[in-house]
Every structure is written in C-alpha cells, then in structure tokens.
Amino acid sequence: MAIYNITTFGAVGDGETDNTQAIAAAIEACSLHGGGTVFVPAGTYLTGRIELLSYMTLELETGSKLMFTSEFDKYPLVQTRWSGYECYGYSPLIYGRGLKKVAIKGDGIIDGQGSAWWQVYREIRKGGTVDSAQTQELKVKNRALLETVKSNIVEWSSQFLRPPLLQLIDCEGVRLEGITLQNSPFWNTHLVYCSDVQLHGVSIKNPNDTPNGDGLDIDSCQNVRISDCFFDVGDDCLCIKSGIDEDGRRVGKPSENIVITNCTMLRGHGGVVLGSEMAGGIRNVVISNCIFTGTDRGIRMKTNRARGGYIKNILVSNIYMEDVCCPLTINSFYRHGVDESDPLISSPEAVPVTECTPVIEHIRIHQVTAKRTRAAAGFLYGLPEMPIRDVQLSHVHIEMTTDPTEQGDEPDMVREKLIMAGDGMLCKHVADLELHHVRIETRQGPALCLEDTRGVDVHSLTMKGKHTATPVARVARSEDVFFSGRQTMELDYLEEEKVTVRSQA
C-alpha cells in the first residue's frame, strides 16, 4: 500500500506550526487512492482535530509526536457517546465513525495537552460556568436529553463536555499497536460500538490528578483483544462499559467477547473495571496474567439500581497486586451518578425488581495474589432483591498491610460510606458463593464476613496470623452455609433462625 508522508503535504515538525490542514490533506489523499499509510516522521507536530478514514494506517515514527492544540473551538461538535449517553459533544481529538480497517501504530507519542481542559473543569467544580458559542449550541442540540437525565456530573449543567483523546465509533477492524497516548482532556482512548478490535503494546498515560482520566474504555464493543499494554492514569485504567441507565438500555448493545492479558496497571482508581455504565450488558470477559501496582481497586465491578443490564461470565486468573486499596470489589450499590434522594435507589431494604435492576452472576476468580492491601481484602455487596450470584474464588492469597498507621479507604463507593482499614473480605447479599483454598491475612478482624448470604461453600479458608479472640469467619443472617478445612471450628455466627452453618474438620 502507498505511504503518504505528512511533510509532503506541508507539515512541519517544529512544535509551533499548525499542521491541521496538512495532516487532513494526507489522509484525504490516502483515502482517494483506496487506502494506505499516513506517515508521521520524527518531530513534534502541533495540530487540531484529526479525522480518520477507512482502510488507512496512521503510523508514527520513533521520535514523532502529535501534539493537540488547546484552542477549544478547533474541535467541532459531533455525535458521540459521553459518559454513557448518546449526545453531541466536542469532537474527540482523533475521531473516526463508521470506518473499516483502521489502524494507528508505531513508537511515537500522541499528546492531548489536556491541562487547559482540566483547568476549566476544575473551575466548573468550584461553581464557575462556561458560556461559549459551542456550549450554547450543545445546550440546544442536547436539550431533549438534558430534560430527562438525572446526573450529578457537573459538566451537564455547563455542557462543557470534554472530549476523549481518541474515539472510534461503530468501526470494524480496529488496530492500535505500539503507540503512546497521553494527557487526554477526558477519557484517554474510547472505543464505542466497535467490533474486531486489537490493542497490542500500547502505553496509555495520564497524570494521577487528571479529572476523569480513564485509560481505555471499551464501550458496547464485541470481539476485543488487549495484550501487553501499559497503563498509568488518573482514573480507572481499563474499563468495560455499555451505556448508562435508560439511554443504555435503549441502545441495548453489550460489550462481549473481550480478552485482556499480559497488561501492567499503575495507580488509577481501578485496574480492570466493569461498569458502572453497563446498562447494555457486559459478558464473556477473560482477564489474565496482569500486574496491578498502587491502583485503588484491582478487579472492580460496579453498578446500581438505576442501571439495569448485567455483568456475567467473567473469568479472572493469574493476577498479582501490590499496594492496592481493595483487590476485589463487586458492588451493586455504587453511589455515584444517581439521585440518592430517591428511596428506591438508596433503600437498604429490598425494592421491586424492574428493568432498572442490575444482574451480576457467573464470576470465576482463580490464582490471585495481593500484598500490602490497604482497606479490605474483598468487597462483594449485592442488592437485597438481586444478590450477586454464582461466584467462585479459588487459590486466592490476600495479605493486608501491617502498618498500624494505615487509615485505609473505602473498599468501594457503596451506599453507606464504609472504611475497613486492614479488614478481611465482606460478602453481603450474595448467593451461591464458593471459596476454595483462600488465605486472607488481616490486620484485624476475621478473614471472611458473611451477611445476608445463602448457598455458601467454603473449603480450606485459612488465616495463619490469627488474632487473639478473633474468629476466622463471622456469619450473620445467612442460610445453607458449609465450611470445611483445618480452621473450620474457629467460626463466629449468630444463633438465629436463618443461620444454618454446618462445619466439619
């Protein structure tokens, strides 16, 4: 295929010249001739929006950098999906829609220069407003949605909808390889309604204080392979989503058939995260051979009573974590993005099951090790009307930090704000739970607490560093619970009618 060097079309890599038109001309020429490679040689190329076309590869040579302008009006308004809603917003810095066979590869850097966008966001958070021609036009274009959305996202009021660094929508045959994407205005890399997607050897970076600085968001996509990638970001590292609440259920496109392997995650709120925008469903996800260091959570699934949809058929294996807040969280009471004054959302008691009720089931977690955990060993928190169902944990080893000064943090952002510094694993509103060869070393408290659970089988739960007068497990308001193993007699459970704990050595 032909190669189209952007310098042939007038691009200058001096970090000052505006190369928007030169890059667009190279892409247009490539498309007119049936496809090929648009080549970015070494140098720093300042540019506005880049729109990709079908059958093209954007290749960045070693030593090259695409650096995006911070002039907001250089990014026209386009149809997008923003925080789970189909709406209009500022164009992503690199954008493509309805494409086939599109790739970005090479050893170069794509830099969003997001700091100007972050500063405006922070001013909005303090009560400021943005009144520009674009935000006024967005209010008109998004009027119908604005009248129906109940959201605590501050950008909705001003319609300063910061764009992702890279967004591809409804594309087939997407390849990202070798590149570094950094300093995004909003989410870093966002793939929506795409199929046949492959990411290999990609580095995604944002400063740790980047607001909403997700690394990679896979949103209602099918048949995705992610391997050998590196994440160091200011929010969740790798997210799987499928739309939010009623709008996500209307679209009804799941994220499915996704493989994540051989990746490294630093910092971030979560290593691999499913939700909370999951109204179209998430299923058939395999996560293996990854390392998480310093992330707030490791494997994280989050949803709430407004979402609907499902998370199911998830397989996690061969994961190593260090210095995380909570290695495993499955949370159906995620408190952000909802109207907490609505009693049907916030009630601790069971409410009627509707299309808004999320379902989490069929989760397998195997061969996971976590050391120096700060808050809690694990946190499985379902809904009383819809427990988390069919979860198996096997060969899991979690050690809490022994630092007596560690204050911990919330294991996850649940309805009531819980701080569990150095505690074990809490399972509440969970059905059909199996633990096989699970070892949890707490700083204080039991290794396992079961509350409002049923159908639990625990085989060889151990806590070698047992604390004085502390049981290995505590059970309350649960039924059909079975323990076996060396420490089965070191239990504590309430003598209530619903508790039917059976133990054997």
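How do the residues of the lining of the largest pocket divide into nonpolar, polar and charged? They divide into twelve nonpolar, ten polar and eleven charged residues. The model is predicted: local features need pLDDT of at least 70, side-chain atom pairs count only at pLDDT 80 or more, and totals for chains, interfaces and linings use all residues. Residues are numbered from 1 along each chain as its sequence is written, and side-chain values use heavy atoms, with hydrogens and water left out.

**Helix α1**

- Helix α1 covers residues 20-32; helices are DSSP runs of H or I with at least four residues, numbered from the N terminus.
- An α-helix has 3.6 residues a turn, so residues three or four places apart point the same way.
- Gly34, which follows α1, has a positive phi, near 85 degrees.

**Ser220**

- Ser220 lies in the loop between β19 (216-219) and β20 (222-227); strands are DSSP runs of E with at least two residues.
- Ser220 counts as buried because its relative accessibility is 0%.
- The side chain of Ser220 reaches the backbone oxygen of Lys253 at 2.7 Å.

Conventions:
Buried < 20%, exposed > 50% of the residue type's maximum accessible area, 1.4 Å probe, protein only. Polar contact = N/O pair within 3.5 Å; in protein donor to acceptor, adjacent residues only side chain to side chain. Expected span 1.5 Å × (residues − 1). Nonpolar A, V, L, I, M, F, W, Y, C, P; charged D, E, K, R; others polar.
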